[in-house]
Amino acid sequence: MLYGNVTYVPRSLYARREEMLLKHADLVAGNGGSVVSLNDILEASLTTQISGRPNWKRLDAHRYAENLKTVVIVNEGAGDAVALLGVIRLVWYLSQNHVLGKEQALKIVVDAGTGTTAIGLALGAICLGLPWEVHAVMLADNIEGYRRQEETLISEFQRCCAFPISELVSTKSSGRLVKWLDRSCPRKFGNVLAGEVNLCQQITQQTGVLVDPMYTLAGWELATQLCQQEGKGGVKVVMLHTGGTLAMFGLAQRVL
């Protein structure tokens with residue numbers, strides 16, 4: 001957060017972040033308030049559009065009582081099914097002829113915190129029939145955790161949007177959307193190894209691309225590795241720069 005009150009919590013509490021968010025939301029809402037999730041809002045809105053009748057069964061006590069305070073929970077890393085819509089729209093833009101196009105096979109590389117961006121990219125590629133593979137570097141969990149996240153978001157997306165995405169995924173990708181890969185030097189999430197800040201500085205000076213050691217350096221390293229494997233004339237590799245804002249600005253003064 002750039003502004004506002006920030007409370008630091010111990011790892012033991014942060015490990016149960018869904019419970020933590022819900023408790024904090026209840027505290028903010030107070031006795032007369034209410035708590036609602038983004039997915040509930042999306043599901044109610046889409047049901048209304050499809051049926052033509054307002055579906056306020058879930059939300060009538062939340063959004064439409066003027067005397068109540070409403071608190072909306074946004075999961076960490078935008079880890080909600082509603083966030084997938086924005087990433088799918090990004091895929092649509094990238095597939096335009098003046099950007100990446102629709103015909104060329106590509107390997108899309110992204111660093112994965114919650115994994116939502118990687119899952120959304122893969123969903124978008126499947127929905128639009130693009131010959132793209134999404135490769136994600138696992139930073140905050142193991143492969144079982146990311147696959148569970150994949151299954152959860154697909155299920156929520158299908159429920160909220162009333163779209164048979166599970167069948168499409170099973171048909172076109174053998175049930176797996178993303179190629180989840182370990183970082184070249186695995187470590188506990190948040191740790192920066194010796195020499196990585198200097199490597200970020202070197203990449204920035206040589207290419208003009210600002211990377212941070214926690215997130216985007218991992219994507220850069222995987223993209224470089226895949227390029228070397230493909231060789232000249234192979235499938236093109238595209239790295240999606242996710243920002244890495246939690247670590248980038250503290251690094252910028254030492255990099256530029």
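A word on the model: it is predicted, local features need pLDDT of at least 70, side-chain atom pairs count only at pLDDT 80 or more, and totals for chains, interfaces and linings use all residues. Residues are numbered from 1 along each chain as its sequence is written, and side-chain values use heavy atoms, with hydrogens and water left out.

Back to the helices. H8 spans residues 196-207 and H9 residues 216-230; they pack at an angle of about 65°, their axes 11 Å apart. The axes are lines fitted to C-alpha atoms over the stretch in contact, and angles run from 0 to 180 degrees between N-to-C directions. That makes H8 roughly perpendicular to H9, a label for angles of 65 to 115 degrees. The crossing of H8 and H9 is left-handed, which means that the near helix is turned anticlockwise from the far one by less than a right angle.

Now to the aromatic rings, where the count comes to two pairs. Rings of Phe, Tyr and Trp (its six-membered ring) pair if their centres lie within 6.5 Å; planes under 30 degrees apart count as stacked, over 60 as edge-to-face. Tyr146 and Trp180 are stacked, at 4.7 Å centre to centre with 20° between the planes. This pair links distant parts of the chain, with Tyr146 in helix H6 (residues 143-161) and Trp180 in strand S5 (residues 179-182), 34 residues apart. Tyr146 is buried, at a relative accessible area of 1%, and Trp180 is buried too, at 7%; buried means under 20%, exposed over 50%, and partly exposed in between (1.4 Å probe, protein chains only).

The rings of Phe189 and Tyr215 have centres 5.9 Å apart and planes at 70°, so this pair is edge-to-face. Phe189 sits in the loop between S5 and H8 and Tyr215 in the loop between H8 and H9, so the pair ties together parts 26 residues apart in sequence. Phe189 counts as partly exposed at 33% relative accessibility, whereas Tyr215 is buried at 13%.

Finally, the whole chain: buried residues make up 38% of its 256 residues.

Technical notes
Helix = DSSP H or I, 4+ residues; strand = E, 2+ residues; numbered from the N terminus. Parallel < 35°, antiparallel > 145°, perpendicular 65-115°, else oblique.
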